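Hi,

Here is the structure I promised to send over. Have a look at it first, then read on for my notes.

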Amino acid sequence: DINLLLPKGAATEILSKLYKEHPSRNIHLGISEMVPQSEFDKFLWASDAVIIRGEDSFVRAQLSGKPFIWNIYPQTEETHIKKLEAFGERIRPFYGASYQAWIDMNLSWNKSSSDLAPYWNRWCEELPLIKEAALRWRDHLVSLGSLADNLLRFVKSKISRCFFRKTFGRRRTGSPFVGPPLNNLERSLEVAIDGTKILTKHCF
């Protein structure tokens with residue numbers, strides 16, 4: 001059986017009407033109100049697989065480690081298909097043998113293919129492998145760290161080198177070099193990063 005949880009909206013109304021016209025004993029529909037981001041993540045975590053739409057949902061689906069179909073917003077000149085293919089190449093090493101089932105299903109879905117059934121069947125058959133692949137890709141993303149943490153680390157390293165260069169570049173003698181007060185520095189950096197200001201502009 002398939003338990004399908006849908007958000008409220010125009011698409012859900014269309015699907016609900018279609019379901020009433022063609023009822024199925026194996027498909028069960030549930031409709032959810034719009035929820036905060038934290039609650040949305042919980043919906044993803046509780047699912048076996050997800051179909052997502054927007055860019056934010058696309059990112060959250062990857063971080064959930066769940067198999068997903070990316071229902072991309074159509075763009076002119078089939079730019080959305082090019083985006084899908086480019087993303088597919090990025091995840092290919094992590095998906096291994098399940099990659100072809102994943103990319104075929106996503107391409108067929110987004111090209112509105114009339115021959116979707118065989119790709120859907122294969123995607124379902126290989127779902128256990130796709131689940132493992134989605135977790136590998138999620139773990140890889142998590143290992144990269146957050147943008148804020150990486151930016152903070154980068155700027156701190158630049159400031160440390162700047163202080164070192166200014167202190168030792170003048171060939172001063174006397175007390176050994178003592179670095180800046182990192183606690184205060186870290187707080188300053190966090191404020192600066194929030195406004196995309198660069199405190200080290202005089203060091204480079």
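Below is what I found, starting with the ground rules.

This is a predicted model, where local features need pLDDT of at least 70, side-chain atom pairs count only at pLDDT 80 or more, and totals for chains, interfaces and linings use all residues. Residues are numbered from 1 along each chain as its sequence is written, and side-chain values use heavy atoms, with hydrogens and water left out.

First, the core. By nonpolar core I mean buried Ala, Val, Leu, Ile, Met, Phe, Trp, Tyr and Cys residues joined through side-chain atoms within 4.5 Å. Buried is under 20% relative accessible area, exposed is over 50%, and partly exposed is in between (1.4 Å probe, protein chains only). The largest such core holds 26 residues, and Phe68, Trp70, Phe87, Tyr95 and Trp102 have the most contacts inside it. Strand 3 (50–52), helix 3 (55–64), strand 4 (68–70), helix 4 (79–95), helix 5 (99–110) and helix 7 (127–143) each give two or more residues to this core; helix 4 gives the most, with six. (Helices, H or I with at least four residues, and strands, E with at least two, are DSSP runs numbered from the N terminus.) Contact means heavy atoms within 4.5 Å. Setting aside neighbours within four places in sequence, Tyr95 contacts Phe68, Trp102, Ile130, Ala133, Ala134, Arg136 and Trp137.

Now the charges. A salt bridge here is a side-chain nitrogen of Lys or Arg within 4 Å of a carboxyl oxygen of Asp or Glu, and the count by that rule is nine. One of them pairs Glu33 with Lys8 (3.1 Å, N to O). This pair links distant parts of the chain, 25 residues apart: Glu33 is in the loop between strand 2 (27–32) and helix 2 (37–45), and Lys8 in the loop between strand 1 (2–7) and helix 1 (10–21). Arg138 and Asp139 also pair up, at 2.9 Å, N to O. Salt bridges with shared partners join Asp104, Arg122 and Glu126 into one network. Glu126 lies in the loop between helix 6 (116–125) and helix 7 and is buried, at 17%.

Cheers
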